[in-house]
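Dear colleague,

Please find the structure below, followed by a summary of what was found in it.

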Amino acid sequence: MGTQEEPTVVDKEEEEQVVNPWEVSAKDGGKIDYDKLIEKFGCVRLDQSHLERVERLTSRPAHVFLRRGIFFSHRDFNEILDAYERGDKFYLYTGRGPSSEALHLGHLIPFVFNKYLQDAFKVPIVIQLTDDEKFLWKNLTIEESCRLARENAKDIIACGFDISKTFIFADFDYVGGAFYKNMVQVAKRVTYNQAVGIFGFTGEDHIGKVSFPPVQAVPSFPSSFPHLFPGKDHLRCLIPCAIDQDPYFRMTRDVAPRIGYQKPCMIYSSFFPALQGESGKMSASDPNSAIYVTDSAKDIKTKINKYAFSGGQDSVEKHRQLGANLEVDIPFKYLSFFLEDDLELEHIRKEYGAGRMLTGEVKQRLIEVLTELVERHQKARAAVTDEMVDAFMAIRPLPHMFD
Amino acid sequence: MGHSKQQLLALLQELQIEFSQYEHPVVLTVEAQAKYVGNEGGGLSKNLFLKDKKNRFYIVSSLADTKVDLKVLSQRLGLGKGGVRMAPEEALGEILQVPLGCVTPFALVNESARDVSLLLDQGFKTQEHCFFHPLSNDMSISLNANGLDKFLKSIGREPSYVDLEANPAVGKDQPPDLASLVPSSSIVLPDQPEKQTSSQAPIDGNHVSADNKSKVVPAVKPSSNEKNTKGKPANNIPPSRPFADVDKFVEEIMHKTSTLLHSQIKEETIKQHGEQLGTVLSDNLRKNLGSDLKNLAMIFKNTAYTEGFHAGTHHQPKRIGSS
C-alpha cells in the first residue's frame, strides 16, 4: 500500500548525499544541499510569515534559531499555529539517543529551541531517551545505556525546562501499557517492505532494529501518555528536531490517520557543523571536532583558536583585499547560531566579509560567547541532582502544563 | 602539609585516648601486618580507599574478616551497581597524604581529607581493641572503638558504624540506607588524567563504545557572591548539594543587578542621558538581565519542586486511629 504523501523510497544507487537517522554525509565530502533534501523528503521551508506569526502569538521576539534559519523546514506548522490561535493547545515532543556521556553544542540545539517553545507558547513537553535504540544499534550493555540516559537527562534538564510542564522518560522504563498499545497499532500498519524502504534495513539487520521505529513514533500520540493527557486524544503534537529524523515521522504521519489519530507536525533544524568545517564529521571520539558542555574556558579558547576552520585568507593583505569566505567560515557560522544580537552579527558579516575584520577578532568574540554559554550550562548542570532527575522522570500528572 | 605519625600520636595522648603502639618493618598488607601484631588479640583492620564516579571519596574501615562487597555498598550508598571503585594511587597521596598500604581512619586528621566519608565496621565495637596504621606503615596502634570515636569527634567527625555485610534491598520503596554517608562535595585532583583510573578494571567490565573521554566534574567557577559559609577554598569545587535557598537566590539577583548598574552608571552615561538615565537603565536591565534571571528562577523552581516531590514520595501516611 503506497503512502499518500511523500516519496519514501530510498534509492541508494542514485544517492548523492545520505541523510537518515544513522548517517549524515554530503556528496563528495561537500556541504549538505538542503534544498535537495527538502525536495526529496517533501517538507517545506519556513518563511518570514511564519516568524511574524509566531512573534504575534507569543508576544516576544522569535528565537535566534528561527531568525537565523537554523530551524528552517516544517510539516504543517501552520496547522499548529492555526489551532493555537483558536485556543487549541499542543504539546512538544523531542528526544535524544543517549549514545555517549559527552554532549557537545550540536546536541543542545534541539533542546535549547524546545525550551524556548515551551516558554513562549506555554505548552508541555515530553522528552524521550531512546536507551533501547542505542543498545540495539551500538556496542553498549543495557546497563550502560540506562546510565547514559540518566546522565544525558541532567544536561537536558540544565537547558532550563520547567519541571511542572516536562516529562522525561527512558524507553526501558516507560514502554508498556498505553504506550505499547500504540506501538503495536503502528507496527501493524507498516509492512516489512515499507520499513526497508524508509529505513534501509537489510536481511542482515536483527529484528530489534526492525521493530524499533514504532517506539519513536508513538510519543506523537497523546494517548501514549494517559497520566498527562487523559481524555485529550485530539491534542496536537509538534516535534522540533534535526531533519535526519524525518523518516520516523514520515512513517508516523502516514500511519496516524489509519489509526484515527492526528498527524504530528514537525519543525526541522539543519546540522551543526564540526569545528573543522562542513565536510568534517563531528564525532564523539574526537574531542577536537566539537565544543563539549564540559569544556573549560581554556579548552574552548584552544579549540576555537586551533581547530575552528577559517574562511579567512592566507595572509592579512590578501584578507583585507578579498575578505573572508563566509560560506565555509566556522567561527562566523557558530556565531550565527549563538550570538543573539542581530545587529552585531550583521556588523561582523559586513566587516569580516569585506576583509576589514580579521579571523582572530571573530574567533575572539566567538570564544566569549561560547564560554558564557558553556559556563551557564555547567552552573545549571551542577544544580541538577539525582532527585531532580527522578522527579522529571516520575509518572505524575502535570496540572499546570498549559499555565 | 600532612600530619606525621608523631604528631598523630601526640594528639592521641593529648586527648587522653588509651592506645598501644607496635613498631615493625614496613608492611603493605593485612597479612604482613598480622605477622607482627596478629597475636596481640583484638582485631586487625582492613582499609579501603574508594572513589565514586563523581569524584567523591570514601574510607571503608572494617575488621579483616568482614566481607565487603563493593557492588552492594555502591547500591546502599545510592550510587547504583558499580558506582564505586578503588581510588587511584595518586589520590592516596593527594587526599589522604599517606603512603601505599597505609589507608587508615586517622588520615582524616588531614585538611585535605575533609570531604572524605568514613564508614566503620560495626564489628569494631565487638572487639576489645583494633589495629590501625597511624599514618605510617612501620607502626600499628591498637585502641578500642571508644578511643577511635573520641579521636574522630575531636576532629569534628561523627563516627558512622555500619553493618558492612548487610545486603538490604534497594529500590523504589526502599531508599539506599547509606545515602547519607555520601560526601556533599567532590574532590577534583590536580592533573587528573582524562581516562578512567588505569590501575583498575571497571567493575561492570563494559566500555562505552564511542566515548573514552571520562568527564571530571565540570569546572564550575563559583560566582563571586556565593557565600562559602564554611570558608571552603573556591578552587573549582562545585557547590554542595543544592537546595532551594531563598536568601542565596535573592542575593544572586541583587548581585547581578548591582553589577550591571555599576557598569552602566558612569560620568559619560550620566552626561549622556541626564534625567533619562533611570529609564535607560531600567530598559537595559530588562534586556540584559531578563534571560539570566529567568534561568536562575527556573533552577530555583525546579529545585523547590524536586524537594516537594521527594518529600511527597517519602510521605508516611498517618496511621488510622493514632493521634
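Cys241(A) is buried, its relative accessible area being 7%, and Cys102(B) is also buried, at 0%; buried means under 20%, exposed over 50% and partly exposed in between, with a 1.4 Å probe and protein chains only. Across all chains, the search finds 0 disulfides (pairs of cysteine sulfur atoms within 2.5 Å).

This is a predicted model, in which local features need pLDDT of at least 70 and side-chain atom pairs count only at pLDDT 80 or more, while totals for chains, interfaces and linings use all residues. Residues are numbered from 1 along each chain as its sequence is written, chains are lettered from A and ligands numbered from 1 in the order written, and side-chain values use heavy atoms, without hydrogens and water.

Leu66(A) has contacts (heavy atoms within 4.5 Å) with residues including Leu46(A), Phe71(A), Phe113(A) and Ile267(A), leaving aside residues up to four places away in sequence.

Finally, Phe172(A) lies in helix 8 (residues 171-174) of chain A and is partly exposed, at 33% relative accessibility.

Yours sincerely

Notes. Helix = DSSP H or I, 4+ residues; strand = E, 2+ residues; numbered from the N terminus.
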